[in-house]
Amino acid sequence: MQYETIRYEVDDGLLLLTLDRPEAMNAFTVQMADELEHAYGRASDDDEVRAIVVTGAGKAFCAGMDLSIGGNVFGLDESLTPTIADIRARPVEPEVGRGVRDTGGRVALAMYDCTKPIIGAINGAAVGIGATMTLPMDFRFASERARLGFVFGRLGITPEACSTWFLPRIVGHEKALELLYRADILTAEQAREVGIVREVVPADALVGHARAFARGLAAGRSPVSMALIRAMVLSNAAQPHPRMAHDVESLAMFYTSIGDGKEGVSAFLEKRPPSFAGKASEMPPFYPWQES
């Protein structure tokens, strides 16, 4: 895919993924959704990528959906009367996949499925989908100029991008409801106080800070181990009983112990840095185990 609304730049193991519509404050479109969905899948299969930093070009991160587009601005087919059964039975058929499914949700699910750590560098306005697309990220840094808003209630619509799954897990159910009911614009510091943002960073240092943090996560680590850790934490914490986590952890331990785990143990005993050969593009046979 040739990207027109984002930039995909890999340097020394780090993917810098940039929303690239600065003239429109990186407003979200169906094309951007398609490109982001593709980019996260591509990054999972790209063994040159060890971690991902996401930011916006220009002064904004993402100002929300591009409301200047004619017709249904969310790209949905208003001639349909869809049901939950339609969504579940025919999610990839064009009529449902393109005409009904939330575009932000497609991106969020691609982020959830990604095998690499995702770090947000929120450089400016992040409103609507601009805010909710940050929630599947592992960590979020923001410049002091950033503003985040879950403003759906002000527009008479509802949250999207799987945010009613991610947001309560980040801030708790009560705070998630307050943020969504009030639909206020938060400063970067307010976003940090509620737990959405990890740290507020000077604007000119933001991307460099996020890149250094991302490299610190991946350096000297097994890509397979990292991918499994990410998937297990995201998936297992939502299971109703710890036995489900035990089942997955048992398989993960089994396969990593006969893979990169052998090198890790040898390196530890020999007091040398490990040289892991595993690839996130070649995961153990039980992966993925999650129900879609």
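1. Ser44 is found in helix 1, which covers residues 30-45; helices here are DSSP runs of H or I with at least four residues, strands are runs of E with at least two, and both are numbered from the N terminus. The model is a predicted one, in which local features need pLDDT of at least 70 and side-chain atom pairs count only at pLDDT 80 or more, while totals for chains, interfaces and linings use all residues. Residues are numbered from 1 along each chain as its sequence is written, and side-chain values use heavy atoms, with hydrogens and water left out.

2. Ser44 counts as buried because its relative accessibility is 9%, where buried means under 20% relative accessible area, exposed means over 50% and partly exposed lies in between (1.4 Å probe, protein chains only). Its side chain reaches the backbone nitrogen of Thr115 at 3.0 Å. Once neighbours within four places in sequence are left aside, Ser44 is in contact (heavy atoms within 4.5 Å) with Asp113, Cys114, Thr115, Lys116, Ala280 and Ser281.

3. Helix 4, residues 103-113, is mostly covered, since nine of its 11 residues are buried; among them are Arg106, Met111 and Tyr112. These buried residues pack against helix 1, helix 3 (94-97), strand 4 (118-122), helix 5 (129-132), helix 7 and helix 11 (223-236).

4. Two packed helices are described by the angle between their axes and the distance between the axes. Helix 7 (residues 163-171) and helix 8 (residues 173-182) pack at an angle of about 120°, and their axes are 7 Å apart. That makes helix 7 oblique to helix 8, as angles under 35 degrees count as roughly parallel, over 145 as roughly antiparallel, 65 to 115 as roughly perpendicular and the rest as oblique.

5. In the contact between these two helices, Leu167, Pro168 and Val171 in helix 7 meet His173, Lys175, Ala176, Leu179 and Leu180 in helix 8. By class, the contact of helix 7 with helix 8 has six nonpolar, one polar and one charged residues.

6. Val197 sits in the loop between helix 9 (188-194) and strand 9 (199-201), and Val197 is buried, with a relative accessible area of 3%. Not counting residues up to four places away in sequence, Val197 touches Arg140, Phe141, Ala142, Ala191 and Arg192. Val197 and Glu263 are 66 residues apart in sequence, and their C-alpha atoms are 36 Å apart in space.

Definitions and conventions:
Axes fitted to C-alpha atoms, helices over the stretch in contact; angles between N-to-C directions. Nonpolar A, V, L, I, M, F, W, Y, C, P; charged D, E, K, R; others polar. Polar contact = N/O pair within 3.5 Å; in protein donor to acceptor, adjacent residues only side chain to side chain.
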